[in-house]
Amino acid sequence: MDRKVVIFDHPLIQHKLSILRDENTTTKDFRELINEISMLMMFEATRDLPMEEIEVKTPCGIAKCHQLAGRKLAFVPILRAGLGMVDGCLKLVPSARVGHIGLYRDETTHTPVEYYCKLPKDIEERDVFVVDPMLATGGSAVDAISQIKLRKPRKIVFMCTIAAPEGLEALEKAHPDVDIYCAALDEKLNDDCYIIPGLGDAGDRIFGTK
Ligand code: PRP
Ligand code: URA
């Protein structure tokens, strides 16, 4: 299957990610950084959007230019932590629609429990970017994407800041048609299915709930 798995090595993303991981980073800085990283990742994840040629009249002549060929996008954060990535994505594509999928991991079984799903009405005409900072076991991303697929969007891309090898493998296997973008591929999961070294609980760090 012709799909992309991209681990970003851009210095700006790596620099910001190292501050994001730091346990001493404040909630305010964490929020700002995760949005900045999301914006930089979105810049690259939209590289393949189709273009069309147009002519633009400048004060000095006619310029042959390119513009986006009317491709419609939607961003779908996995609640809660995915919300932290939305503003950064919208900075680059302000006209995108935003859907929401609410999932939390059961603390004992570590499997996802769905509690909310609201997607744009015209999702069949859109490329969907599912965003969540953490890909741990992969259960949440796999379930969210399965839900979205029922509504038949044109394309689905998954974007996260940190992935564990286990989660990446699970997502690749369950959804071989989905392109995956992450800022880092970490070592492993611990017994509580947290990513090691990771950054802790992304939702708690974004919303200051711990
Ligand atoms: C976190 C994270 C992902 C999920 C990843 O959410 O934001 O959605 O865990 O884990 P998985 O790959 O093993 O499914 P969490 O369940 O902690 O909910 P929250 O965002 O509401 O805190
Ligand atoms: N969810 C998080 O927020 N962090 C992890 O390390 C794993 C799942």
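Where is H110 found? H110 sits in the loop between strand 6 and strand 7 (112-118), where helices (H or I, at least four residues) and strands (E, at least two) are DSSP runs numbered from the N terminus. This is a predicted model, with local features needing pLDDT of at least 70, side-chain atom pairs counting only at pLDDT 80 or more, and totals for chains, interfaces and linings using all residues. Residues are numbered from 1 along each chain as its sequence is written, chains are lettered from A and ligands numbered from 1 in the order in which they are written, and side-chain values use heavy atoms, with hydrogens and water left out.

- Most residues other than glycine have a negative phi, and most peptide bonds are trans.
- H110 has a phi near 65 degrees, which is positive even though the residue isn't glycine.
- L79 to R80 is a cis peptide bond, with omega near -5 degrees, and R80 is in the loop between strand 4 and helix 3.
- I196 and P197 are also joined by a cis peptide bond, with omega about 0 degrees; P197 belongs to the loop between strand 13 (195-196) and helix 6.

**Helix 2 against helix 3**

- The axes of helix 2 (residues 27-45) and helix 3 (residues 83-92) come within 7 Å and cross at roughly 45 degrees. Axes here are lines fitted to C-alpha atoms, for helices over the stretch in contact, and angles run from 0 to 180 degrees between N-to-C directions.
- The two helices are therefore oblique to each other (under 35 degrees counts as roughly parallel, over 145 as roughly antiparallel, 65 to 115 as roughly perpendicular and the rest as oblique).
- On the helix 2 side, the contact (heavy atoms within 4.5 Å) uses I34, N35, S38, M39, M42 and F43, while helix 3 brings G84, M85, V86, D87, G88, C89, K91 and L92.
- By class, that contact has eight nonpolar, four polar and two charged residues (Ala, Val, Leu, Ile, Met, Phe, Trp, Tyr, Cys and Pro count as nonpolar, Asp, Glu, Lys and Arg as charged, and the others, Gly among them, as polar).

**Helix 4 against helix 5**

- Helix 4 packs on helix 5 (residues 165-174) at an angle of about 20 degrees, with the axes 8 Å apart. That makes the pair roughly parallel.
- This crossing is right-handed.
- A141, V142 and I145 of helix 4 meet A170, L171 and A174 of helix 5, giving six nonpolar residues, no polar and no charged.

**Pockets**

- The largest pocket holds about 720 Å³ of space. On a 1 Å grid over the protein atoms alone, a cavity is a set of points where a 1.4 Å probe fits but cannot get out, and a pocket is an open set with protein on both sides within 12 Å along at least five of seven lines; lining residues have an atom within 4 Å of a point. Grid points are joined across faces, edges and corners, and a volume is the space filled by probe spheres set on the points.
- Its lining has 30 residues, with Y104, R105, S140, Y194 and D201 closest to the centre.
- The lining of the largest pocket splits into 14 nonpolar, seven polar and nine charged residues.
- The second largest pocket has about 200 Å³, and M42, F43, E44, T46, R47, L49, L68, L73, L92 and V93 line it.

Methods. Left-handed = near helix turned anticlockwise from the far one by under 90°.
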